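User: Hi! I am new to this and would like to learn how the labels for a protein model are decided. Could you take me through some?

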Amino acid sequence: MKSFLPLLTTLPFLSPATSKPVAPKQPYFILAGDSTTAIQSTGGGGWGNGFLEFLRAPAAGVNKGHNGATTKSFVDGGDWDVVKGLVTQHVEARDDVYVTIQFGHNDQKSTSGVTLEQYQANLQNLAGDIKALGGTPILVTPLTRRDFTSPNVAADSLHDQRLLTIAAAQESGTEYLDLNEASLAYVDAIGETAAHAYNLNPDDNTHLNAWGSVVFGRIVADLLLEKKPKLEAWIAPNATLSALIANGLPA
């Protein structure tokens with residue numbers, strides 16, 4: 001009986017390593033939140049559009065921040081269904097989907113109908129929804145207000161919301177970005193006059209103008225890259241701006 005062993009040993013060895021490498025998924029960012037995330041308008045404006053400006057194509061994203069929203073109204077009013085629909089669409093398109101979730105400014109109000117306990121639970125539920133759909137939720141502590149009690153001390157008015165956002169992240173095993181701590185430290189460092197240059201309107205110490213969106217969007221981008229360095233290829237650097245922020249200098 002003839003042996004086919006010599007013949008087999010002469011055939012080329014096909015290794016999986018010779019197959020075409022799979023290109024990394026491009027990220028798609030969906031920004032969910034209140035007016036301190038939202039597009040600049042008469043009634044609001046946040047860091048969202050500034051952050052999106054740093055994305056390198058084909059990475060992309062959309063700002064779904066809603067003026068006046070709470071963790072409850074964002075769901076009840078249908079915004080969250082829109083976000084979930086976008087997650088499903090882009091997961092099916094094989095994108096690497098990230099959803100930032102930042103609330104607190106309006107949940108904090110006595111008229112919100114949202115207790116502190118409900119605020120944390122709502123954030124955990126939102127994060128769970130995104131995970132169930134195949135996306136990656138990122139909880140973001142709320143952007144600081146720029147109300148100063150002295151020239152270099154802004155009021156820590158969202159202290160409880162910051163801590164509960166972090167607690168929600170820890171309880172749900174979700175990544176978080178501590179924008180509240182970073183933004184409060186930055187405005188304290190540059191002082192009241194410089195911080196108010198980012199105001200949407202002269203007397204609006206909450207919302208951001210177009211340049212303020214870029215500056216605080218850069219803070220978000222740098223916080224995100226600290227947590228997820230794999231995204232570096234998709235987020236354009238701005239070494240000058242990042243250095244000014246890191247050194248506590250007006251940008």
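Analyst: Happy to; we will look at a helix pair and then at some salt bridges. This is a predicted model, where local features need pLDDT of at least 70, side-chain atom pairs count only at pLDDT 80 or more, and totals for chains, interfaces and linings use all residues. Residues are numbered from 1 along each chain as its sequence is written, and side-chain values use heavy atoms, leaving out hydrogens and water.

User: Why are α7 and α9 called oblique to each other?

Analyst: The axes of α7 (residues 179-190) and α9 (residues 210-227) cross at roughly 130°. Angles under 35 degrees count as roughly parallel, over 145 as roughly antiparallel, 65 to 115 as roughly perpendicular and the rest as oblique. The pair is therefore oblique.

User: What makes K230 and D96 a salt bridge?

Analyst: The rule asks for a side-chain nitrogen of Lys or Arg within 4 Å of a carboxyl oxygen of Asp or Glu. For K230 and D96, the closest N and O atoms are 3.8 Å apart, so the pair meets the rule.

User: How do you know whether K230 is buried or exposed?

Analyst: Buried means under 20% relative accessible area, exposed over 50%, and partly exposed in between (1.4 Å probe, protein chains only). K230 has 58%, so it counts as exposed.

Definitions and conventions. Axes are lines fitted to C-alpha atoms, for helices over the stretch in contact, and angles run from 0 to 180 degrees between N-to-C directions. Helices (H or I, at least four residues) and strands (E, at least two) are DSSP runs, numbered from the N terminus.
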